[in-house]
Amino acid sequence: MDSQGGPYLNKSAVCSPLGAARLSQLALGCAVVAMVTHSAGYSGSYGVFCMAVWCLCFAVTTLVFFLDATHLYSCLRVSWDNLTVAFAALATLMYVTASVVYPLYFVRTECPYAGCEVRDFRIAVSVCSIAGSLAYGAEVVLSRARPGHTVVGYMATVSGLLKVVQGFVACIIFGALANGSEYYRFAATIFCVVVYALCFALTTLVVVLTVCGRTTAVRFLPFERFVVVYTLLAVLLYLSASVIWTVFCFDTKYGSPWRPASCPRGKCPWDSKVVVAVFSFVNLGLYVTDLIYSQRIRFVSSQTSARPRV
């Protein structure tokens, strides 16, 4: 018992729907890492990415569970609710990506040279990874605030969760830009890259301020109004960048509307341009949705962590 008469350990960290979701995340994450290292295996950049996702999520989830169970999160100078729901949303996206990439590159219907045991382990890894993404998604659903309610945890709102998705999509765009997209050929496409970088930076700033409990740091505007103004700016910037990128990459005057026949698969600039174009419109839709939902939020800033949801 502590000095105030309360228990040292937080029973709700285990005996609650949220605790059950985190225990499921730990069990599935441990199973995935164990099976991959034991027999399933991985190789190449895609395999390393998947393994990094599973190891990182397992390590952070272990830390989150330990801090929540021991009440030690109260010693951190962060908004605990905002931090945990933001991580759960990001982990869901990363797990979903790994759940698609791993079976796509490592699972085959026929048995590989190492035998059917390897194939079966890789199928089991894929299944557990999908289940892990559902477990992280369950935590997001359990932590999410209801629309129209006054909340302390901004990241638990639809608008806050969309910030995590927007940042994740921006990382996909940056990956495609770095993969031979030839964005430097025109000043207009360089402008698009600047737009992507600026919006990503501001989105990251909003998430960091919220997680650190420093929403009052923006002194010239209330935080909720700053978010709305920034989101409207992002909508306008992404709208212009999406149109400009599409014109300068796929119009016959500047590029090609069709994939060149001589372009090697996996190393074709045209493919990277398509990825950037598609996810530019995806992020545009996310920012528009964010702008709509942000009108319904009545946010209460707080320098202390709110009581964890169960």
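**A first look**

Modeller: Of the 310 residues in the chain, 44% are buried, where buried means under 20% relative accessible area, exposed over 50% and partly exposed in between (1.4 Å probe, protein chains only). It's a predicted model, in which local features need pLDDT of at least 70, side-chain atom pairs count only at pLDDT 80 or more, and totals for chains, interfaces and linings use all residues. Residues are numbered from 1 along each chain as its sequence is written, and side-chain values use heavy atoms, with hydrogens and water left out.

Biologist: How many helices and strands does the chain have?

Modeller: Helices (H or I, at least four residues) and strands (E, at least two) are DSSP runs, numbered from the N terminus. Starting at the N terminus, the order is α-α-α-α-β-α-α-α-α-β. So the tally is eight helices and two strands.

Biologist: Are helix H6 and helix H7 roughly parallel or roughly antiparallel?

Modeller: H6 covers residues 187-211 and H7 covers residues 223-250; their axes come within 9 Å and cross at roughly 155°. Axes here are lines fitted to C-alpha atoms, for helices over the stretch in contact, with angles from 0 to 180 degrees between N-to-C directions. Under 35 degrees counts as roughly parallel, over 145 as roughly antiparallel, 65 to 115 as roughly perpendicular and the rest as oblique. Therefore H6 and H7 are roughly antiparallel.

Biologist: How many nonpolar residues does the contact of H6 with H7 have?

Modeller: Ala, Val, Leu, Ile, Met, Phe, Trp, Tyr, Cys and Pro count as nonpolar, Asp, Glu, Lys and Arg as charged, and the others, Gly among them, as polar. By that sorting, the contact of H6 with H7 has no charged residues and four polar ones. The nonpolar count is 21.

Biologist: Which backbone oxygen does the side chain of Thr210 reach?

Modeller: Thr210 sits in helix H6, and it's buried, because its relative accessible area is 1%. A polar contact is a pair of N or O atoms within 3.5 Å; within protein, one must be able to donate a hydrogen and the other to accept it, and residues adjacent in sequence count only if both atoms are side-chain atoms. At 2.7 Å, the side chain of Thr210 reaches the backbone oxygen of Val206.

Biologist: How many disulfides does the structure hold?

Modeller: A disulfide is a covalent bond between the sulfur atoms of two cysteines. The cut-off used is a pair of cysteine sulfur atoms within 2.5 Å. The number of disulfides in the structure is zero.
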